[in-house]
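Reader: I'd like to learn how to read salt bridges in a model. Could you walk me through them?

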Amino acid sequence: MSSSQRGFTLWFTGLSGSGKTTVSRIVERELRQRGLKVEPLDGDIVRQGLTRDLGFSKEDRDKNIERVTFVAKLLTRNGVAVLCSFISPYRAQRQISREEIGEFIEVYVECSVEECAARDVKGLYAKALAGQIPNFTGVSDPYEAPEHPEIVIRTAQETPEESAAIILGYLEQNGYI
Ligand SMILES: Nc1ncnc2c1ncn2[C@@H]1O[C@H](COP(=O)(O)OP(=O)(O)O)[C@@H](O)[C@H]1O
Ligand SMILES: [Mg+2]
């Protein structure tokens, strides 16, 4: 079964603190339990290595996603389930990723700026709202929500487990797992 695994990339996009990492970790665990080869690519980790030379200007954000897309493409075509968790705020860049990767499943992690700021997982919203972080998505930088994502999860209304179940349901219904 796993030798004929069909590769795909689940692309989580959403504001900082919306729940990309939290939900993708649950999905990762579930996919591994089913015997799939899984590779998570998470913004916070990728930015410490592969793209540590990049900042948060539009140009650098696009470069960040461009490099990640290259890696996701290689893995996807080798039958891996790739879980990409990146704010990836620009619609046009996500469209390029979609075209490059092919088996691309966009997961819009929907959560208001107000809710993300109330969670403030990393304490960044407080600083951004105080004007101390330029280019902070949702506060001092744009976020372009997906217009036609394959999946929408609403993390202010769902538990992380419920959000993960929606994603797994989509993968089952569409023959990915
Ligand atoms: N339904 C939900 N899905 C995901 N995260 C949730 C949900 N409800 C509450 N949370 C909380 O929101 C925060 C999301 O943080 P994180 O996953 O690091 O976001 P991101 O990776 O998008 O920056 C966590 O503290 C998590 O416990
Ligand atoms: Mg994260």
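Reader: Is Glu115 buried, partly exposed or exposed?

Author: Glu115 is partly exposed, at 30% relative accessible area; buried means under 20%, exposed over 50% and partly exposed in between, with a 1.4 Å probe and protein chains only. This is a predicted model, where local features need pLDDT of at least 70, side-chain atom pairs count only at pLDDT 80 or more, and totals for chains, interfaces and linings use all residues. Residues are numbered from 1 along each chain as its sequence is written, chains are lettered from A and ligands numbered from 1 in the order written, and side-chain values use heavy atoms, leaving out hydrogens and water.

Reader: Which residue does Glu115 meet in a salt bridge?

Author: The general idea first: side chains of opposite charge can pair when their charged atoms come close. A salt bridge here is a side-chain nitrogen of Lys or Arg within 4 Å of a carboxyl oxygen of Asp or Glu. Glu115 pairs with Arg119, N to O 3.1 Å. Both sit in helix H5 (residues 113-119), 4 residues apart, about one turn of the helix; helices (H or I, at least four residues) and strands (E, at least two) are DSSP runs numbered from the N terminus. Arg119 is also partly exposed, at 30%.

Reader: Which parts of the chain does the pair Glu103 and Arg6 tie together?

Author: Their closest N and O atoms are 3.6 Å apart. Glu103 lies in the loop between helix H4 (91-101) and strand S4 (104-110), and Arg6 in the segment before strand S1 (8-13), so the pair joins parts 97 residues apart in sequence.

Reader: How many salt bridges does the whole structure have?

Author: The search finds 14.
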